[in-house]
Amino acid sequence: MAKAIPRIGSRRNVRIGSRKSARRIPKGVIHVQASFNNTIVTVTDVRGRVVSWSSAGTCGFKGTRRGTPFAAQTAAANVIRTVVDQGMQRAEVMIKGPGLGRDAALRAIRRSGILLTFVRDVTPMPHNGCRPPKKRRV
């Protein structure tokens, strides 16, 4: 058994200071994506850089329970706890998708004490649909 040679300059086992906690953000944007199977809550700063995120899946919900309102509420509460510690006071909310977690996530955000400047529904809507396929035979 050969003795391991210590590598100089190795970044393994070195605790790198968290850069995200250093940023103080007074204002941000909270994006809620509520599908039927999952709810994802992402907090960005006003330039669009992600500060923190959470989903019903990362909160420990499995399978069909990820699409429930309670899972969405838990995900929103988790992500907001981290950004309030970073100093966020005001936020805009963008809600996307048809899922059950839309209202529950918004309710959890309202309860958190963050002042909401506006709430916008940004669900994509088709205007005229897709172009139909060409006819098979003439």
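Modeller: Let's start with C130, which is exposed, with a relative accessible area of 74%. Exposed means over 50%, buried under 20%, and partly exposed in between (1.4 Å probe, protein chains only). This is a predicted model, where local features need pLDDT of at least 70 and side-chain atom pairs 80 or more, while totals for chains, interfaces and linings use all residues. Numbering starts from 1 along each chain as its sequence is written, and side-chain values use heavy atoms, without hydrogens and water.

Biologist: Is C59 buried, partly exposed or exposed? And how many disulfides does the structure hold?

Modeller: A disulfide is a covalent bond between the sulfur atoms of two cysteines. Here the count is 0, taking a pair of cysteine sulfur atoms within 2.5 Å as a disulfide. C59 is partly exposed, at 22% relative accessible area.

Biologist: Which elements does the chain have, and in what order do they run?

Modeller: From the N terminus, β-β-β-α-β-α-β. That makes 2 helices and 5 strands, which are DSSP runs (H or I, at least four residues, for helices; E, at least two, for strands) numbered from the N terminus.

Biologist: In what order do the strands sit in the sheet?

Modeller: Strands of a sheet pair through backbone hydrogen bonds, either parallel or antiparallel. In this open sheet the order is β3-β2-β1-β4-β5, with mixed pairing; a pair needs at least two DSSP bridges. β3 (50-55) and β5 (115-121) each have a single partner strand, so one side of each lacks a neighbour in the sheet. β1 (residues 27-34) and β4 (residues 90-96) run parallel, joined over 7 bridges, and Q33 faces K96 of β4.

Biologist: Which strands does helix α1 touch?

Modeller: Helix α1 (residues 69-85) packs on the sheet against β1, β2 (39-45) and β3, making about 155° with the direction of β3. Helix α2 (residues 101-111) lies across β1, β2, β4 and β5, at about 165° to β5. For these angles, axes are fitted to C-alpha atoms (for helices over the stretch in contact), and values run from 0 to 180 degrees between N-to-C directions.

Biologist: Which residues touch the most other members of the largest nonpolar core?

Modeller: A nonpolar core is a set of buried Ala, Val, Leu, Ile, Met, Phe, Trp, Tyr and Cys residues joined through side-chain atoms within 4.5 Å. In the largest, with 22 residues, the answer is I30 and I109. α1 gives the most to this core, 6 residues. Beyond neighbours within four places in sequence, I109 has contacts including I30, V32, A76 and I80, counting heavy atoms within 4.5 Å.
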